[in-house]
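Good morning, and thank you for coming.

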Amino acid sequence: MTLLVSLCVAVIFGSAAYLMLKRDLIRVITGMILLGNAANLFIMAAGLRQGSAPFVGSASETSDSLVQAMTLTAIVISFGVATLVLSLVYRVYDSHHSVDLRRLGSAEAVQASLDDQPTGQDIRADEAASLGVTEERDVGVSPKGRP
Amino acid sequence: MIIALPLAILWFGGLGIALLDGTRKPVGFTAVGVMLAALAATVTLGVDVHANGPKVMQIAGWDAGVGIALRADLLGITFAVVSLIVLTTALWFEVSRDVKARIFPGLVLFMGLGLTGLFLTGDAFNFYVFFEISMVAAYVLASYGESPRQLRAALIFIVVNLLGSVLFLVGIAAMYHNTGWLDMERIAGFSSLIDQNPAILTATIVFVAFSIKLGLFPFHFWLPAVYTGTRPAVAAILSGALANIGSYGLIRFGADIFPRELHEGAAVMLVLGTISIVYGGVQAIGRHSPNEVLAYSSIGQVGYILIALSIGGEAGYTAAILYAVVNALNKTLLFLAASLRGWVAGATFAVGAFSVAGVPPAGGFFGKMAVFQVSIDDGKPWIVALVFLGGALSFIYMFQLYRARFWINEEADEATTRGALGLVVAIALMIVAIGVFPEPLLSLSQQAASVLPERAP
């Protein structure tokens, strides 16, 4: 049983790590959710013991109720975080029209080159306009229909 | 009851404020008032603990060892007070300028709740829950401003830190499996009985989890990307308050729960700390945008905490606590002051810069001197040289930044209001006061370190 559970944890953890290395944000998020589940299974495995339901005063060997309480809490937390992350991904999609990490990375690179003007020779607004750099120092398409 | 009081104030205050429109000034100032009340309650608790020793409170009246315990000792209280000071300042700073999102004040209160809770809890799993409360608040805060860049920063922040949280959860499960307890004091009591291999593995997992929060050298990659994008108040919160989780976690779980493994891993920590100091300093010199310089500076500064921790013993722990406290104040001051303009802001920034470099009138000098002392006592003169080198590097990048921000580029990012200036002046005065009268903080750190067991031989 212990071997089976540890194999399960290993496979889920491995798939999660694989997904998190992908370029597609949705896959990254799926990987994060899977990772949370691997951790939940690991907590269950930390108190793995067969037995009856843990009621007060039960004579026979009971299962460990504490790990179940911990897992339940961890599940709730990972649900909440998953919701938050998904909504954030939506906002990123809204402002970049892409969930591809390469696109986001190139937006970051443009931003960095704007930031990295040597100090003392900061491009002024008129020079910037001639270089085709807009006053808006944030790279990315601004969300449509938002104030 | 008194231990739960700051938590209750922050929880109910946070719930109330979260329902209101935080962009309105009265709501913002109410939130500042709630923070100040929680700070006052925590300080009162601290005075009590200082006079009468650690306090324990069993939640819901369970027998000791069955339920969750809140435990207030000086180590936790010190970190709680510093974090609340930083959060209050950052919140007040933002309110005195312009709050951009209605949820901002509520989120700062919830983060205060999470931080105070984890510094005052005595239960490992409860620690994780409070940790997640503050992290979730931080995830949302990282996207505060909601420009495309801040959204990207928040995404990086969440993905990396979620990985850290999951690792920490696995570490707690491993501790429970190996000792059969979740109560931190009891885990500490049994940790020396765990077999060598599982103990090392568990300690390593916990170390990695907290190093990710702290932004230590091999785990630092997320930190510049996040700090560069965020607004100054949020950057101050992340580096001044949230990073305290990392330093407190390393001290509590390292020195208190796994002293044997801390001793065995001391060489690794020494190396990582050294690389952090040099890498952070050199990278910071090569950067131009103020938040990026300060982000790399944070990577360098946590190296000192790690070195002090790896030397260990009561003097080493004292130095680590002292450095963590001073560093939190420094970073808050620098991030906030760098976004302001005028000679007052320039002067306060200079105080912060001197403090980071360890120049005498500022508080940072005593942090560096504490690290000096332990390294000389420990017979490691090369650490003294390293601290000098780190100080020299930070002097260079801080001066570059000062020159770029206050001498050459006179345009402000946003309004420099009188309230915002007053706050940075207050923090700067606090740092100078620590430098001029170091005795109270020094003895406080010493007493906080005395709750930790002496290093295992």
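Let me begin with handedness: helices α4(B) and α5(B) cross in a left-handed sense. Please keep in mind throughout that what you see is a predicted model. In chain B, α4 covers residues 104-120 and α5 covers residues 124-142; their axes come within 8 Å and cross at roughly 155°. An angle over 145° counts as roughly antiparallel, and therefore α4(B) is roughly antiparallel to α5(B). On the α4(B) side, the contact is formed by L107(B), F110(B), M111(B), L113(B), G114(B), L115(B), G117(B) and L118(B). Across from them, α5(B) contributes F127(B), F130(B), F131(B), I133(B), S134(B), A137(B), A138(B), V140(B) and L141(B). Sorted by class, this contact holds 14 nonpolar and three polar residues, with no charged ones.

Helix α13 (residues 290-311) of chain B packs against helix α16 (residues 364-377) of chain B at an angle of about 35°, the axes being 10 Å apart. The crossing of α13(B) and α16(B) is left-handed. Here Y304(B), I307(B), A308(B) and I311(B) of α13(B) meet V371(B), V374(B) and S375(B) of α16(B). The class count for this contact is six nonpolar residues, one polar residue and no charged residues.

In soluble globular proteins, nonpolar side chains tend to be buried together. The largest nonpolar core in this model contains 202 residues, and those with the most contacts inside it are I237(B), A308(B), Y323(B) and V424(B). Helix α6(B) gives the most to this core, namely 17 residues. What does Y323(B) touch, leaving aside residues up to four places away in sequence? Its partners are Y304(B), I305(B), A308(B), G367(B), A370(B) and V371(B).

Next, the interface. Chain B places 28 residues in contact with 36 residues of chain A. On the chain B side, the elements that give two or more residues are α5, α6 (148-179) and α17 (381-408). Helix α6(B) supplies the largest share, 16 residues. By class, the chain B side comprises 19 nonpolar, six polar and three charged residues.

As for chain A itself, it has five helices and zero strands. Its length is 147 residues, of which 20% count as buried. Among contacts in chain A with a separation of 6 or more, 53% join residues 24 or more positions apart.

Finally, two points on backbone geometry. Most residues other than glycine have a negative phi. H97(A), however, has a phi near 55°, a positive value in a residue other than glycine. H97(A) sits in the loop between α3 (65-96) and α4 (101-115) of chain A. Is H97(A) buried or exposed? H97(A) is exposed, because 11 other C-beta atoms lie within 10 Å, and the cut-off for exposed is 12 or fewer.

In chain B, E146(B) likewise is not a glycine and has a positive phi of about 55°. E146(B) is located in the loop between α5 and α6 of chain B. With 15 C-beta neighbours inside 10 Å, E146(B) is classed as partly exposed. I would be glad to take your questions.

Technical notes
Residues are numbered from 1 along each chain as its sequence is written. Chains are lettered from A and ligands numbered from 1 in the order in which they are written. This is a predicted model: local features need pLDDT of at least 70, side-chain atom pairs count only at pLDDT 80 or more; totals for chains, interfaces and linings use all residues. Axes are lines fitted to C-alpha atoms, for helices over the stretch in contact, and angles run from 0 to 180 degrees between N-to-C directions. Helices (H or I, at least four residues) and strands (E, at least two) are DSSP runs, numbered from the N terminus. Angles under 35 degrees count as roughly parallel, over 145 as roughly antiparallel, 65 to 115 as roughly perpendicular and the rest as oblique. A crossing is left-handed if the near helix is turned anticlockwise from the far one by less than a right angle, and right-handed if clockwise. Two residues are in contact if their C-beta atoms, placed from the backbone, lie within 7 Å. Ala, Val, Leu, Ile, Met, Phe, Trp, Tyr, Cys and Pro count as nonpolar, Asp, Glu, Lys and Arg as charged, and the others, Gly among them, as polar. A nonpolar core is a set of buried Ala, Val, Leu, Ile, Met, Phe, Trp, Tyr and Cys residues joined through C-beta atoms within 7 Å.
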